Amino acid sequence: WEWVSGKIETRKLSKEEMYEKDKDLPEWLKAESKDWTFTLRTFAIALDVGIYFLEMLRKNDERIEWTVKTKSKRYIFYNMPIINNNVGIEYEPKYLLEVLMAGELRKKDPNALIDLFNLLLKK
């Protein structure tokens, strides 16, 4: 995780990007909207590490399997690889790592990835 956290990069959103991102949000939620995003390199790292992380989780828990949901285009992870533990919990690799990376920007935690791994194995 130390290597990953050292690679996290962000960039400021332009006014046009902010408008596009927030145009359909209710007013109360716009106040919480961030004026930054991860760089493309950081998104790529999140995807790669997320896939590896979830594959290691799958290898350690026989209930977990990879799947792709294609039935409803309204589903948040439509047509994306996710893992499912057959009790209704699903994780998408890039999104999972993006959440950890955003947390790392607020507060450094050298054990964030292993703590999450251990937490998810207990479920």
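1. The axes of helix H4, residues 40-59, and helix H6, residues 112-122, cross at roughly 35° and come within 10 Å. The crossing in which H4 passes H6 is right-handed. On the H4 side the contact is made by Phe53, Met56 and Leu57, and on the H6 side by Leu113, Leu116, Phe117, Leu120 and Leu121. By class, the residues of this contact of H4 with H6 are 8 nonpolar, with no polar and no charged residues. It should be kept in mind throughout that this is a predicted model.

2. The structure holds 1 cavity of 30 Å³ or more, and about 70 Å³ of space lies in the largest cavity. Its lining is formed by 11 residues, of which Leu57, Ile64, Asn85, Tyr91 and Leu120 lie nearest the centre. The lining of the largest cavity divides into 6 nonpolar, 2 polar and 3 charged residues.

3. Tryptophan 36 lies in strand S2, which covers residues 36-38. Is this tryptophan 36 buried, partly exposed or exposed? Tryptophan 36 counts as partly exposed because its relative accessible area is 26%, which falls between the cut-offs of 20% for buried and 50% for exposed.

4. Leaving aside residues up to four places away in sequence, tryptophan 36 touches Thr10, Arg11, Lys12 and Leu13, together with Ala102 and Leu105. Tryptophan 36 and glutamate 17, which are 19 residues apart in sequence, are 9.6 Å apart in space, C-alpha to C-alpha.

Definitions and conventions. Residues are numbered from 1 along each chain as its sequence is written. This is a predicted model: local features need pLDDT of at least 70, side-chain atom pairs count only at pLDDT 80 or more; totals for chains, interfaces and linings use all residues. Side-chain values use heavy atoms; hydrogens and water are left out. Axes are lines fitted to C-alpha atoms, for helices over the stretch in contact, and angles run from 0 to 180 degrees between N-to-C directions. Helices (H or I, at least four residues) and strands (E, at least two) are DSSP runs, numbered from the N terminus. A crossing is left-handed if the near helix is turned anticlockwise from the far one by less than a right angle, and right-handed if clockwise. Contact means heavy atoms within 4.5 Å. Ala, Val, Leu, Ile, Met, Phe, Trp, Tyr, Cys and Pro count as nonpolar, Asp, Glu, Lys and Arg as charged, and the others, Gly among them, as polar. On a 1 Å grid over the protein atoms alone, a cavity is a set of points where a 1.4 Å probe fits but cannot get out, and a pocket is an open set with protein on both sides within 12 Å along at least five of seven lines; lining residues have an atom within 4 Å of a point. Grid points are joined across faces, edges and corners, and a volume is the space filled by probe spheres set on the points. Buried means under 20% relative accessible area, exposed over 50%, partly exposed in between (1.4 Å probe, protein chains only).
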